[in-house]
Amino acid sequence: MKPLFNRGPSAGVRLVLALVLAFALIIADLHYRQFDALRSGLAVTVYPLQVLASLPTRFAQDLESQMASKVELRAENERLHRENLTLRARLQRFASLESENERLRNLLGSAFKVGERVLIAELLQVDLDPYRQQVLIDKGALSGVFVGQPVLDANAVMGQVVRTNPLTSTVLLITDARHSLPVKINRNGLRSIATGSGLVDQLNLLHLPKKADVRVGDLLVTSGLGGTYPPGYPVARVTEVRIEPGKRFATVTAEPTARLDRSHEVLLVWSLPKLMESGVMTETGGTGITSTLEP
């Protein structure tokens, strides 16, 4: 729209004058620093406006940072959770290996005590009913296992091999009712026969006179007679001595010191030293179960 009154210079002249004035002010400011105080005052004046103008940007940046932090924290949490599960699984495996290592170390320690050729075998099957207490191990005739071979664990005598196959063998435990084992009381050397009761935690001592020197807590060890088991190896501890009227012998029971119901590895022993050489060992039947009575 055309103005009614044409006053003052034209727009082009005003633009040129404004540019000249601007350049003059810039040159004066650069050379003479005449506007520092004015600039500082204007800066203080417009600072609240700058802060207000920057608020949306800062809010957006903070929101983006928080969102990124939450995403990163969630990813980090998931990664740590997976690592924790993996480490816990490995820890369980390490605990299992440590336990297995401890058992094997105990078995090897037992091997040193026996001082004979030994072989470690693992249990494949356990049969602990009152009529048949035996286990199946993963070593057989191909490994040199033979019928009548003594089997130990880290603590004591467990039983003897009664059947062999090329890859596996059956071990009759000392608590089987068919099994008998020559033993002696470690305290005084009193000899007896420990027979299985059919219970995994009980042996019976046969033919002990009522006046025999046997006490609760006495340790029974293999006497070595019979030639099957190495002498001096722990068998059981006496748990009860009972004198009953009308019976010729005392009723004596003992608890095996071997972990018959918990062992996972066993020790096969090639230990038939002096007694076999002297011909003391005798065996009966096809089962290979020693039934020698000590004199």
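**Reading hairpins, core and charges**

Q: Let's start with the strands: how many residues sit between β3 and β4 in their hairpin?
A: Four residues lie between β3 and β4 in that hairpin. Before we go on, this is a predicted model, where local features need pLDDT of at least 70, side-chain atom pairs count only at pLDDT 80 or more, and totals for chains, interfaces and linings use all residues. Residues are numbered from 1 along each chain as its sequence is written, and side-chain values use heavy atoms, with hydrogens and water left out.

Q: And in which sense do β3 and β4 pair?
A: Two strands count as paired if DSSP finds at least two bridges between them. Here β3 (residues 150-152) and β4 pair in the antiparallel sense, over three bridges. To find the pairing on screen, look at Leu152, whose bridge partner in β4 is Val157.

Q: Which strand pairs with β4 over five bridges?
A: That's β5 (residues 169-173), and the sense is antiparallel. Val161 stands opposite Val171 in β5. β4 and β5 also make a hairpin, with four residues between them.

Q: How many of the eight residues of β4 are buried?
A: Buried means under 20% relative accessible area, exposed means over 50%, and partly exposed is in between (1.4 Å probe, protein chains only). In β4 (residues 157-164), six of the eight residues are buried, so the strand is mostly covered. As a general idea, side chains in a regular strand alternate between the two faces of the sheet.

Q: What about Thr170, is it buried or exposed?
A: Thr170, which lies in β5, counts as buried because its relative accessible area is 7%. For its surroundings, contact means heavy atoms within 4.5 Å. Leaving aside neighbours within four places in sequence, Thr170 is in contact with Gln134, Val135 and Leu136, and also with Gln160, Val161, Val162 and Arg163.

Q: How many helices and strands does the whole chain have?
A: Helices (H or I, at least four residues) and strands (E, at least two) are DSSP runs, numbered from the N terminus. The protein chain comes to three helices and twelve strands. Of its 295 residues, 31% are buried. Among contacts with a separation of 6 or more, 61% join residues 24 or more positions apart.

Q: Which residues have the most contacts inside the largest nonpolar core?
A: Nonpolar side chains tend to be buried together in soluble globular proteins. A core here is a set of buried Ala, Val, Leu, Ile, Met, Phe, Trp, Tyr and Cys residues joined through side-chain atoms within 4.5 Å. The largest one has 39 residues, and Ile137, Val157, Ile174, Leu220, Val235 and Leu268 have the most contacts inside it. Strand β12 (residues 265-270) gives the most to this core, with five residues.

Q: Which residues form a nonpolar patch on the surface?
A: Patches use residues with over 30% relative accessible area and no salt bridge; like charges are joined within 9 Å, nonpolar side chains (Val, Leu, Ile, Met, Phe, Trp, Tyr) within 5 Å. Accessible areas come from the Shrake-Rupley method with a 1.4 Å probe, and for residues only the protein chains shown count as cover. The patch consists of Leu15, Leu19, Phe23, Ile26, Ile27 and Leu30, with about 620 Å² of accessible area together. Leu30 sits in helix α1 (residues 11-32) and counts as exposed, because its relative accessibility is 56%.

Q: Now charges: how many salt bridges does the structure hold?
A: Side chains of opposite charge can pair when their charged atoms come close. The cut-off puts a side-chain nitrogen of Lys or Arg within 4 Å of a carboxyl oxygen of Asp or Glu. The structure holds eleven such bridges, and Arg187, Asp213, Arg215 and Asp218 are linked in a network of them.

Q: Which side chains meet that of Arg79 in salt bridges?
A: Glu76 meets Arg79 at 2.4 Å, N to O, and Glu83 meets Arg79 at 2.6 Å, N to O. Glu76 and Arg79 are about one helical turn apart, because three residues separate their positions in helix α2 (residues 36-114). Arg79 itself is partly exposed, with a relative accessible area of 32%.
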